[in-house]
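User: Hi! I am new to protein structures and would like to learn how to read disulfides. Could you walk me through them?

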Amino acid sequence: MLFTFHDMFAGERCYKVPENCQMEKNVPLCIEDRMRNCSSKAPRINDPKYFSRQISSEETVNTERGYVIHISGEALQRSSNGRGDADLIVSLLNETFFRVSSSLNTKKGKDSNKPDTILHGQTVLGVWLGKNEVQNLSQPVQLRFINTNQSKNGTCVYWHLDKNGKGTWRTDGCNTTIAREDFVCSCNHLSFFAVLINPEIPAASHIVPLNYISYIGSALSIAFTALMIAIFVCQRRKQYDHSVVIHVQLSGSLFLLHISFLCSVWFSGHRENDSVCQALGLLLHWCLLATFTWTAIEGFHLYLLVVRVFNIYIKRYLLKLSLVGWGVPTITVIICGVTKVYGKYTFYTGEENSTITPLCWISTQIVSYITVNGYLGLVMLFNMVMLGVLLVKMHKLRSQTLQIKDHQRRAWKEWVSLLGLSCVLGVPWVLAFSTHGPLSLPALYVFTILNSLQGLFIFLWFLTLMCQARKEEHSSSKGTIQVSFNSNDETVNTR
């Protein structure tokens with residue numbers, strides 16, 4: 001009598017298979033082999049991670065575990081060799097069993113690099129029907145992942161095992177739809193399934209124009225920030241107000257940010273050297289944090305000018321601001337670099353032949369949430385408060401104006417100052433928190449345009465301050481309070 005490997009596990013209970021395979025080198029491969037030859041008898045105590053039922057016709061099965069499965073007649077026929085009934089086995093597996101060695105790829109047969117994958121519910125759904133493999137179905141099997149309120153942007157994926165036993169998440173053969181906030185996966189085969197939650201990204205038709213807007217805007221920002229820095233250096237002999245110096249520091253961080261962004265996008269799409277991509281990810285993170293920090297410093301300096309109107313002496317004021325502006329980002333990225341959180345990060349649209357946008361960036365999402373989203377939120381909260389205080393000051397000064405002509409003229413100057421300050425205080429970055437929901441696409445376009453051109457806007461504000469300074473040199477001050485970020489009438493003595 002022949003005794004095979006499959007016969008060895010013929011009496012094994014199916015609900016015990018994941019536990020018994022935990023010590024194997026390739027857990028998914030072990031589970032796949034044993035699940036086809038195990039006993040589907042349910043355990044005495046209800047197991048929340050296991051479900052089985054005998055299927056004799058086309059049927060929609062509610063597993064009562066967060067999943068609804070529709071078995072087509074064709075799938076049942078193939079799995080049972082035409083006998084008419086088969087055992088449906090469903091197992092909820094820990095996502096750690098599925099070590100992602102390559103990212104989700106929509107091009108069949110081609111692997112890509114490591115992304116930061118987030119699976120719905122942190123579980124993988126294993127589905128088996130009968131003893132035979134079920135694939136290439138003309139009538140697909142439908143799997144509904146219910147209660148998916150955590151995200152509206154996900155992709156149905158399955159775990160593909162190649163001839164060497166290595167696995168990767170793939171999408172070919174599966175279509176993703178959303179019905180009543182649930183993900184519905186229609187697949188032409190049975191396997192290990194999951195819903196990969198992607199970052200909130202637009203449809204493929206919008207990605208290309210958004211990319212072009214980003215690249216063109218970044219190029220313009222690089223050119224104008226470089227020009228601004230060159231003008232500042234050439235006129236170094238001139239005694240500049242502290243506000244102008246802080247503007248230049250912010251422009252320097254924006255200059256580095258846009259250069260590192262373009263380099264990161266270009267390198268991640270053309271090279272496979274992970275160490276270089278990690279270095280570019282660290283550099284991009286550092287430049288972004290430096291931009292946020294100098295934006296916060298702009299708000300702090302505005303606080304000294306507008307709120308603390310009395311003379312305050314701060315020894316080596318600009319040196320201390322520089323240590324904070326460049327030191328905080330440096331310490332942060334050193335800590336992140338030691339923990340090895342940088343690498344290639346890829347965005348997907350979840351469609352066949354979809355557009356893929358790789359980027360050398362932070363590969364651990366929790367680090368991105370804390371150091372980018374959280375930090376930006378705090379900076380914007382502080383700066384918006386400062387901007388609100390400035391608006392109150394403007395209103396009080398306007399109410400004290402006696403002449404209507406001067407009142408109208410002053411109002412125009414105040415609005416120009418408000419627009420310039422909104423730019424240096426990073427107000428357009430607030431749109432980053434509005435790129436979700438029904439207005440996400442328009443907000444994303446506005447966010448991309450304004451922030452990619454921030455360097456140009458700051459350059460225009462810099463020219464405005466230069467022209468104003470020259471006018472003030474040729475005219476005597478009348479003692480009026482100027483609501484301007486460069487005015488010396490209300491400048492705090494911080495030298």
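Predicted model: local features only at pLDDT ≥ 70, side-chain atom pairs only at ≥ 80, totals over all residues.

User: How many disulfides does the rule give?

Analyst: Two cysteine sulfur atoms count as a disulfide when they are within 2.5 Å. By that rule, there are 5 disulfides here. One of them joins Cys 21 to Cys 30, with an S to S distance of 2.0 Å.

User: Which hand does the link of Cys 21 and Cys 30 have?

Analyst: Look at the torsion about the S-S bond: for this pair it is -65 degrees, and the link is left-handed. For Cys 174 and Cys 187 the torsion is about 120 degrees, so that disulfide is right-handed.

User: What does the pair of Cys 174 and Cys 187 tie together?

Analyst: Cys 174 sits in strand E9 and Cys 187 in strand E10, so the bond ties together parts 13 residues apart in sequence. Now try Cys 277 and Cys 360, whose sulfur atoms are 2.1 Å apart. Cys 277 belongs to helix H7 and Cys 360 to strand E13, so this pair ties together parts 83 residues apart in sequence.

User: Are Cys 277 and Cys 360 buried or exposed?

Analyst: A residue is called buried under 20% relative accessible area. Both Cys 277 and Cys 360 are buried.

Conventions: Residues numbered from 1 in each chain as written. Heavy atoms only, no water. Helix = DSSP H or I, 4+ residues; strand = E, 2+ residues; numbered from the N terminus. Buried < 20%, exposed > 50% of the residue type's maximum accessible area, 1.4 Å probe, protein only.
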